[in-house]
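Please look over this structure with its aromatic rings and helix packing in mind. A short report follows.

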Amino acid sequence: MYASPAVTTDALLQLEPLPGGMTRASTARGSVEYGFVRPSVVVGRYTGTPEEPLYGPVTQAMALQLGHERALHVFADLENIEGYEPALRERWVAWFRAHRSAIASCHILFRSRLVAIGIGIIGVAIGGRVHTYGSRDEFEEALKRAGR
C-alpha cells in the first residue's frame, strides 16, 4: 500500500503535517503538536504519556530554526500529560544545557507535580529563564506576546 510522503511512520513514531505549519509527532502512548508561531517562538502541545522518540522531531526543528534565529522562546503545554518517560526528560535537559545561550525564555504550562520536578531541572540547565503557568489563559497570553 502506498503511503503519502507527507506522513512518516516507523514502529515507534508517526509524523503528520497539520494545518498552520504545525506537525504532530505521536507514539502509542503520547503525542506532541509542535511548530513555530513566529520565527523565534516554538510551541509544543503534549498529550498522553510522552516518550523518548518524541524528542527528535521537535529538537531537529528547533536546531534548524536556530540557523536563522539568534535565540528561541520555547513554549511547552504539558497540561494534558499523564506522566512522561524519564528518558525524554533526560534528553530535554541535555538539549537545554547544550543550547543554553540560544534559549531566550522557556514557558511551561502544567498541572502535574511530577512535571514540576522536571521543570526544576530544566530551570537549572538554562539558568532560571523558565516561566511556569498553572493557568491556560496566562500561558496563551505570554505566547501571544513572545517574540514581538
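## Terms and source

Buried means under 20% relative accessible area, exposed over 50%, and partly exposed in between (1.4 Å probe, protein chains only). By that cut-off, Trp 95 and Phe 96 are both buried.

This is a predicted model: local features need pLDDT of at least 70, side-chain atom pairs count only at pLDDT 80 or more, and totals for chains, interfaces and linings use all residues. Residues are numbered from 1 along each chain as its sequence is written, and side-chain values use heavy atoms, leaving out hydrogens and water.

## Aromatic pairs

The whole structure holds 6 aromatic pairs. Rings of Phe, Tyr and Trp (its six-membered ring) pair if their centres lie within 6.5 Å; planes under 30 degrees apart count as stacked, over 60 as edge-to-face and the rest as tilted.

Tyr 55 and Trp 92 have ring centres 5.7 Å apart and planes at 80°, so they pair edge-to-face. The pair links distant parts of the chain: Tyr 55 lies in helix α1 (residues 55–65) and Trp 92 in helix α2 (residues 86–98), 37 residues apart. Helices are DSSP runs (H or I, at least four residues), numbered from the N terminus. Tyr 55 is buried at 10% relative accessible area. Trp 92 is also buried, at 10%.

Trp 95 and Phe 96 form another edge-to-face pair, 5.6 Å centre to centre with 85° between the planes. Tyr 55, Trp 92, Trp 95 and Phe 96 form one aromatic cluster.

## Contact residues

α1 contributes Tyr 55, Val 58, Thr 59 and Met 62 to its contact with α2 (heavy atoms within 4.5 Å). Leu 88, Arg 91, Trp 92 and Trp 95 come from α2.

Conventions. Helices (H or I, at least four residues) and strands (E, at least two) are DSSP runs, numbered from the N terminus.
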